[in-house]
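Let's talk through how the two parts of this protein sit against each other. Have a look at the model first, then we'll go question by question.

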Amino acid sequence: MRLRGTSQFNDQGHLEIGGCDTVELAEQFGTPLYIMDEWMIRQRMREYMQAFQKTGLAFQVAYASKAFSTLAMCRLVAEEGLHLDVVSDGELFTALKAGFPAERIYFHGNNKTREELEMGLDAGIGWFVVDNFNELSMLSSLAYKKGLTARVLLRTTPGVEAHTHTYIQTGQEDSKFGFNLASGQVHKAVERCLQYKGLKVDGFHCHIGSQIFETDGFRLAVQKLVTLSEECRNLFGFQTRILNLGGGFGIRYNEEDRPMSVDQYIFAIAEEIRSGFSEKDIPQVVVEPGRSIVGEAGTTLYRVGTIKQIPGVRKYISVDGGMNDNPRPALYRASYEAILANRTSEQPEETVSVAGKLCESGDMLIWDIDLPHVKSGDLLAVTCTGAYNYSMANNYNRLRRPAVVFVRDGYSDVVVRRESMEDLIKNDRIPNRLLTPNGQC
Ligand SMILES: *Cc1c(COP(=O)(O)O)cnc(C)c1O
């Protein structure tokens, strides 16, 4: 079991994160509980910034807030000087409410509504990453009507798809996202941007996958965008000012995962950029890490409840959360590691499977993990849950979404409070015809 960030085992044999004993956190805040290691989040953001500083290129690092978006998280991102990606009015609202500087925001999405475009325009966000021709004309007319100029990147589908250890070149890519590169849609979009009122196109965007462990896919994507930039210079006299290469940098969920270092990813991208552009034409380079900023900084703490041994088959231990707070194992067969947070010094002695408490057989968090002899009442810490856990959490079975705490230097602060029973029904309404004459249920 790998200890990450500020995690360590204390003298009582408890897991400690950010100087806080997780056994005490469970007592104070209840379980399930998302714990975020603030120091580690900041550290990861600084690694990206420093990696780029070493390359000497002009750059931006935009945190993809869909991985984990809350007011406090937006404050951290702002403080560390990063940019921010949003993909909906809700994420934009969160960023603006947190006081995040609008001019550092990128707005993504393949089906932005008129209301979303207007919200972005009115807030004065930095860039719209325009995905298709409908959006291009709608954005143009909205911006023109408001007397504004929307800054635009064009999302391209470059025909490169990166998987964990390999990439494939798909040529004609079948994707709901972006302007197709091979068929000339991107060129046409550039031409329209230059004709339409209310738009200023700065460059191109692509996002080639997620949980990527190699650099070849990024290199190939850069090469494709270099060629595109040359073509658009020749065709339209267009100068690419920004190249945004998306996110997808891999993290280590378990021992089999072998991500590269942030330095290696950024170095490969920078090298490819420098070899593709002449010095005076080098655009600003943007990356958009989400998972790799917050993923490893998160730990979910559960209380073990019932234990079921099926002789000769399997031992299930059930915890007080599950696919409502972490849908990834059920959705993608994602694999996680865990330890007993209250008994870290004990050696593993049995193989068990960790089940959630929701009404689905597929509600499993971990299949086959070696742990010390697990007892009801133990605390199970599932590691690496910082990305796409809270942000994907839901109220299936009317479970309340857990609280989120930031821990740092012995301080623990609730950044999202646990939902209450009242929260669960606050949007429910009973139509009059279902009420009894005296107005009661
Ligand atoms: C999801 C997404 C990201 C972040 O991906 P990670 O795998 O979390 O790094 C970045 N950019 C775009 C456009 C995305 O859709």
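Buried area here means the accessible area, with a 1.4 Å probe, that two parts lose on being put together, summed over both. Keep in mind that this is a predicted model.

Q: How much area do domain 1 and domain 2 bury between them?
A: Domain 1 covers 8-36 + 295-425, while domain 2 runs over 38-292. Their C-alpha centres are 33 Å apart, and the contact draws 20 residues from domain 1 and 18 residues from domain 2. Carbon and sulfur atoms account for 61% of the buried area, which comes to about 1,900 Å².

Q: Which residues of domain 1 lose the most area to domain 2?
A: Three residues stand out on that side, together making up 31% of what it buries. They are Glu296, Tyr388 and Phe406.

Q: Which strand gives the largest share of the side of domain 1 that touches domain 2?
A: Strand 22 (403-408) and strand 23 (411-416) each supply at least two residues there. By class, that side has 12 nonpolar, 4 polar and 4 charged residues. The largest share, 4 residues, comes from strand 22.

Conventions: Residues numbered from 1 in each chain as written. Predicted model: local features only at pLDDT ≥ 70, side-chain atom pairs only at ≥ 80, totals over all residues. Heavy atoms only, no water. Domains from an automatic or database assignment. Contact = heavy atoms within 4.5 Å. Nonpolar A, V, L, I, M, F, W, Y, C, P; charged D, E, K, R; others polar.
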